[in-house]
Amino acid sequence: MPDSAPRSATRRGPAVVIWVIAGIALALLVLPLLAILLSAPWPRIPALLVAPETLQALGLSVLTAVISTVLCLVLGIPLAVVLARSVAWPVIPRRLLRAAVTVPLVLPPVVGGLALLLLLGRNGVLGRWLAAVGITLPFTTGAVVIAQTFVAMPFLVFAVEGALRGADRRVELAAASLGASPWKVFRTITIPLVAPGVAAGAVLCFARALGEFGATITFAGSYPGVTRTLPIASYLASQNDLSQSIALALVLLVVSVGVLLGLRDRWLPGVRG
Amino acid sequence: MMPSSRVAAAVALVWAGLVLAGCSTPPAGPSTTTTPDPLSGTVTVLAAASLTEVYGDLAARFEKLHPKVTITENFGGSSALAAQIVQGAPADLFATANEATMKTVTDAGLADGTPVVYATNVLTLVVPPSNPAGVTTVGDLAKPGVKVALCDKTVPCGSAAIGLLAAEKLAVTPVTLETDVKAVLTKVELDEVDAGLVYVTDAHSAGDKVRQIAVPDAANVINRYPVVVLSGSTNKAAARAFEQFILSATGKAALKNAGFGAP
């Protein structure tokens with residue numbers, strides 16, 4: 001009975017081998033985090049958590065990640081709309097646009113940071129003009145925000161684009177036919193339609209910005225209270241005080257897992273309610 | 001169970017491929033030289049960022065003398081490398097930019113023998129060739145508006161910078177504290193900072209990409225460079241031979257050329 005196999009497979013759930021491989025994948029994702037919890041110097045943790053350096057790095061990280069997420073939303077939603085509409089474009093510009101949005105995902109963050117320095121540094125392609133009017137970005141908190149926005153933007157754009165392509169365009173067309181301007185359609189129809197995608201994108205975006213390391217240290221440097229975010233503080237601490245490093249990593253974990261768990265299920269990335 | 005047996009077959013195929021690939025290195029043919037070189041295999045060297053040029057050069061020369069040996073080098077902040085070794089990173093030879101960092105590895109019982117100090121290094125002040133802030137002495141680093149890059153205190157060049165600035169009785173507020181000396185040098189080369197404190201050897205290797213300004217007290221803040229074979233080494237014979245090569249007259253000449261001092 002050659003055609004009974006798929007039916008019984010769906011009834012019984014995935015084959016054993018799928019479960020086993022999924023288990024290995026999950027172990028790969030979860031066990032390293034478990035190792036942090038197991039090797040954490042728990043008696044010292046409370047003191048390390050309220051240490052001034054920890055609170056300073058935490059405050060800076062949350063502040064910059066929130067600003068970056070807002071920037072990603074403001075800039076990324078329109079970009080997602082353009083990307084979703086680009087399916088009607090000729091092949092070359094369509095692929096170029098998609099590649100441009102994907103680049104920060106595949107570029108090593110340190111290279112991204114160097115690229116930002118070459119563009120916006122005080123001798124950079126654009127940076128020299130900014131410097132001429134008295135604005136220098138590297139080594140400022142603003143540089144941290146730019147680096148985080150650069151690496152986190154694709155997460156938002158792709159989440160929103162996915163939601164847009166799944167949305168029913170007829171509602172927008174109906175609104176337009178009733179006389180709504182394109183901007184009004186965007187604000188009152190499109191945005192509410194893709195709200196779950198926007199929320200999912202924003203969460204991923206925030207988590208990525210919070211964990212940003214390579215582009216930040218290259219473009220913004222590392223100075224306590226100005227540019228030294230939690231990941232950088234954790235890396236520096238790992239060089240001579242592993243307990244301090246683990247404490248900082250725990251703070252990062254708690255904040256990002258907290259944000260993910262705090263959101264309603266259907267807003268989580270990958271869950272379509 | 002068609003799908004799972006097909007997956008199993010695919011896994012087996014990939015596995016067989018890996019095994020074959022592992023075996024595909026041709027066995028060494030009969031030696032044509034009269035005295036076969038007893039050294040072979042890979043030597044993994046973890047070395048301070050400031051050793052990048054000179055160790056790279058010495059490794060290439062060593063590999064020419066011993067064609068069956070491959071030297072793999074990983075340069076970085078001494079402290080980060082020491083932390084990797086303490087956490088069990090496989091390596092054969094370890095070279096730091098100061099003795100304090102080496103001590104974290106010897107204290108953990110991971111060194112095979114006592115580290116040998118074979119070179120010294122001192123800091124110097126470097127500025128971009130255009131010298132945008134008009135820095136002429138180390139005292140200018142304390143001026144407001146002068147953008148200074150230093151190493152973080154957790155790495156040897158950072159503790160040396162703190163020592164040097166204390167000796168000069170200067171209170172400097174840097175714009176960034178970098179994780180290794182090469183990162184400081186890069187920021188000066190890119191003209192993103194007005195000045196930085198790096199090792200004389202880094203200023204030497206950067207050539208005319210930076211301008212060097214002498215610091216009077218620099219000679220009093222000396223970093224001593226130790227090297228040691230690690231107890232976890234799986235190729236101690238070759239690791240020890242490369243260590244001896246660094247300590248040899250050839251090694252000493254290369255180090256002197258790069259701007260290192262003798263201990």
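1. Domain bounds here come from an automatic or database domain assignment. On that basis chain B splits into domain 1 (41-120 + 224-257) and domain 2 (121-222). Taken over C-alpha atoms, the centres of domain 1 of chain B and domain 2 of chain B are separated by 26 Å.

2. Some housekeeping before you click around. This is a predicted model, where local features need pLDDT of at least 70 and side-chain atom pairs count only at pLDDT 80 or more, while totals for chains, interfaces and linings use all residues. Residues are numbered from 1 along each chain as its sequence is written, with chains lettered from A and ligands numbered from 1 in the order in which they are written.

3. Now the overall look of chain B. Its secondary structure comes to nine helices and nine strands; helices (H or I, at least four residues) and strands (E, at least two) are DSSP runs, numbered from the N terminus. Of the 263 residues in chain B, 44% are buried. Buried means that 20 or more other C-beta atoms lie within 10 Å of a residue's own, with exposed at 12 or fewer and partly exposed in between, and the C-beta atoms are placed from the backbone. Among contacts in chain B with a separation of 6 or more, 79% are between residues 24 or more positions apart. Two residues are in contact if their C-beta atoms, placed from the backbone, lie within 7 Å.

4. Which elements supply the side of domain 1 of chain B that touches domain 2 of chain B? α2 (52-65), α3 (78-86), β4 (116-127) and β9 (222-229) of chain B each supply at least two residues of that side. That side of domain 1 of chain B has five nonpolar, 10 polar and two charged residues. For the classes, Ala, Val, Leu, Ile, Met, Phe, Trp, Tyr, Cys and Pro count as nonpolar, Asp, Glu, Lys and Arg as charged, and the others, Gly among them, as polar.

5. Strand β1 (residues 41-48) of chain B is worth a look. Six of its eight residues are buried, so β1 of chain B is largely enclosed by the rest of the structure. Strands pair if DSSP finds at least two bridges between them. β1(B) runs parallel to strand β2 (residues 69-76) of chain B, with eight bridges joining them, and A48(B) stands opposite G76(B) in β2(B). β1(B) also runs parallel to strand β3 (residues 93-95) of chain B, joined by three bridges; here A47(B) stands opposite A95(B).

6. There is a crossover here too: β1(B), α2(B) and β2(B) make a right-handed β-α-β unit. Right-handed means that, with the strands pointing away from the viewer, the path from the first strand over the helix to the second runs clockwise.

7. G76(B) turns up again next to D180(B). The two are 104 residues apart in sequence, yet 6.7 Å apart in space, C-alpha to C-alpha. D180(B) sits in the loop between β6 (176-178) and α6 (181-189) of chain B. Is D180(B) buried or exposed? D180(B) is buried, with 27 other C-beta atoms within 10 Å. Leaving aside neighbours within four places in sequence, D180(B) is in contact with A49(B), G76(B), G77(B), C151(B) and V155(B).

8. Two residues to check for backbone geometry. F139(A) has a positive phi of about 70° although it is not a glycine, and this residue lies in the loop between α7 (127-132) and α8 (141-166) of chain A. D191(B), also not a glycine, has a positive phi of about 65°. D191(B) is in the loop between α6 and β7 (195-199) of chain B. F139(A) is buried, with 25 other C-beta atoms within 10 Å, and D191(B) counts as buried with 20.

9. As for the chain-chain contact, 21 residues of chain B are in contact with 19 residues of chain A. The largest share of the side of chain B that touches chain A comes from α1(B), with four residues. By class, that side of chain B has 11 nonpolar, six polar and four charged residues.

10. Last, the inside. The largest nonpolar core has 137 residues, and those with the most contacts inside it include A147(A), V160(A) and L123(B). A nonpolar core is a set of buried Ala, Val, Leu, Ile, Met, Phe, Trp, Tyr and Cys residues joined through C-beta atoms within 7 Å. α8(A) gives the most to this core, with 17 residues. Domain 1 and domain 2 of chain B both give residues to this core, so it lies between them.
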